[in-house]
Amino acid sequence: LSEHNPDGKSEFQWIGAEAGAAERAIVLVPVIGQGGRQRVQESAPGALVRSSESRLAEAVGLAEAIHLVVVEQGVVPLKTIKPNALFGAGKVDEISGIVRAGSIGLAIVDHPLTPVQQRNLEKAWNCKVLDRTGLILEIFGERARTSEGRLQVELAHLNYLKGRLVRQWTHLERQRGGLGKTGGPGETQIEADRRQLQERILRLEKDLEKVRRTRELHRKKRRKVLTPVIALVGYTNAGKSTLFNRLTQSSVTAQDMLFATLDPTLRKLRLPDGASAILSDTVGFISDLPTSLVAAFRATLEEVVEADLILHVRDIADPDNRSQAEDVYAVLEQLDIGANERGRVIEVWNKIDLLDEVGRAAIGSAGGEAAGPVLVSAATGEGTAELLTAIDKRIGGADRLLNIRLPVEELHSLSWVYENSSVIDRTDQDDGSVALRVRVQPGNEAAFRRFAA
Ligand SMILES: Nc1nc2c(ncn2[C@@H]2O[C@H](COP(=O)(O)OP(=O)(O)OP(=O)(O)O)[C@@H](O)[C@H]2O)c(=O)[nH]1
Ligand SMILES: [Mg+2]
C-alpha cells in the first residue's frame, strides 16, 4: 500500500478504468437450496421473494455499469455452500471450461465470497473473481467524480479490504498453532499491512469529517433562511435523476444504467404557491448494499437524514418494485429514518407511462389512501403537477424540523421553546448554551428564526 494522497485521489486501479479494454465477463448467481428456482431473503422473515431471473438481470446490469462485456450468465443452483470454493467441485470444473472457452477475464459471483473462496476460484478458473460487494465498490470507484465521493468510496474499499486481511490473519494464526503474534515473517507482513490500512482509514475518516462539517455548515445556512429541503431516494434506476431534471429544469445525468448518480446535486425547486424548496438528488440504493458503503456515504446521505421531506421514487413498472421498496426502507432504517418517521416520506410511483390500462387500474386503486402515493411519469411529465401540489401541502402545512441554539443569555426562553414546539433532541453544550432539534408548526417558524443554529 502506498502513502495516502492528500488531494483525495484514489490510488486503486479500478477494473473498468484499465486502458479501455472491455473485459469479457461471466455473471453467476448462486441460489442456495430448494432446487434453486427462488430464494427467500434470510434476513427478513416474510420478506418478498425475488426471482432468481431478476437477480440475474440485476447482476448483469451491475456488471454492465462498469462496461464489462457479459458473454456468459447463469443462475447456479447449489444444495449447500462449500467453504473452500462456494461451489462444489463439479460446478467449479464446469465453469472453468466455460471461462476458458469464452476467453473470460473476470467472473462476477453475486454472493459474498470469503477471501479463501475467492482465491481458490481465481486459481481454478484462472481469471479475476469479484463478489457483489467488490463489484459495487468497483462501480462506485469508477463513478466518483468529486473528491468527497472519492474519499467515501476509498474508505469503503479499505474497510472491505481490512475485513479480508483480518480473516486471513486469524486463519494463519490458527495454522501456526498458538505461536501468537510474534511469529514468522508472514504474520509480521500481514500485521504491517493491517496497520497501514488502519492508518489510512483513520486519515480518510478525518478528511471526511471535515467534509461533513462543511456540509453541515451549508445546511445550517439553509436552515437560517428556513428553506425546506426535499431529498429524492429510491432504488437505483428508479428515475430519481429524470424526475429531478423534470422538476427543476436541470440536466443532471440520467440514464438506463445502475448507479448513474453518485455525487449529490442540489437545486432550487419552485412550488406552485410561489414558495421554494431545495431538491437533492443522490446515490440510489440496491439490495444487499454493503453496510460499510452506507457508513462511508454518511456525509452524502446526511442530506437525506436532515431533509424536511423525502420523496421515495419507485419504478412501478418493474415487477420487483415491492421488494426494491423494502430494500430502500431497510437502508433508510440504517440512516435512523425508522417507521415512525414515515410521515416525512411521500411515495412517488414513477414510470406509469410504461403501464397498460390494466396495470394502471391496479395501482390506481392503491393510490386512494389518504397519504397515498403520487403517480407520475418523469419521462412524459404526467402527474408532476399533482406531485408539486402534494409537496406544497406537506411543506406548507406540515411541521418543520429546525435546529436551534439558545446562547446562555437566552436560556430563559427555554420554557417558551418547550411550550411552542416539540423537542426531538437536546444537547447541553460545554459553553452553557443549549442546542435543540425541534418540530415547529408552520405558523411558529418565524418566531423561532432568531434562534436558528
Ligand atoms: N419510460 C420511462 N422511463 C423513465 C422514467 N423515468 C426515468 N426513466 C428511465 O429510467 C432510467 C433511469 O433513470 P434515472 O433518472 O437515471 O434513474 P436514477 O434513479 O437516477 O438512477 P441511479 O442514479 O442510477 O440510481 C433512464 O433510462 C430513464 O430514461 C419514466 O417515467 N418513464
Ligand atoms: Mg440518478
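Reader: Is the crossing of α2 and α3 left-handed or right-handed?

Author: Handedness tells which way the near helix is turned from the far one: clockwise gives a right-handed crossing. In this predicted model, α2 and α3 cross in the right-handed sense.

Reader: Which residues of α2 and α3 make the contact?

Author: From α2 come V92, I95, S96 and V99, and from α3 come L121, A124 and W125.

Reader: At what angle do α2 and α3 pack, and how far apart are their axes?

Author: Helix α2 covers residues 89-101 and helix α3 covers residues 115-125; they pack at about 55°, with axes 9 Å apart.

Reader: What does that angle make them: oblique, or roughly parallel?

Author: An angle is sorted by range: under 35 degrees is roughly parallel, 65 to 115 is roughly perpendicular, over 145 is roughly antiparallel, and the rest is oblique. The pair α2 and α3 is therefore oblique.

Reader: How do I read α1 and α4?

Author: Take the angle, then the handedness. Helix α1 (residues 52-64) and helix α4 (residues 132-143) cross at roughly 40°, and their axes come within 9 Å. These two helices are therefore oblique to each other. The crossing of α1 and α4 is left-handed. On the α1 side the contact uses E58, A59, L62 and A63; on the α4 side it uses R132, L135, I136 and I139. These residues divide into six nonpolar, no polar and two charged.

Reader: Which residues come nearest to ligand 1?

Author: There are 23 residues around ligand 1, and the nearest are K240, T242, A260, T261 and D353.

Reader: Which atom of T242 lies 2.5 Å from an oxygen atom of ligand 1, side chain or backbone?

Author: For a polar contact, look at the N and O atoms and note where they sit. In T242 it is a side-chain N or O atom, 2.5 Å from a ligand 1 oxygen. With G239, a backbone N or O atom lies 2.9 Å from an oxygen of ligand 1. A polar backbone atom of N237 is 3.0 Å from a ligand 1 oxygen.

Key: Residues numbered from 1 in each chain as written. Chains lettered and ligands numbered in written order. Predicted model: local features only at pLDDT ≥ 70, side-chain atom pairs only at ≥ 80, totals over all residues. Heavy atoms only, no water. Axes fitted to C-alpha atoms, helices over the stretch in contact; angles between N-to-C directions. Helix = DSSP H or I, 4+ residues; strand = E, 2+ residues; numbered from the N terminus. Contact = heavy atoms within 4.5 Å. Near = heavy atom within 4 Å. Polar contact = N/O pair within 3.5 Å; in protein donor to acceptor, adjacent residues only side chain to side chain. Nonpolar A, V, L, I, M, F, W, Y, C, P; charged D, E, K, R; others polar.
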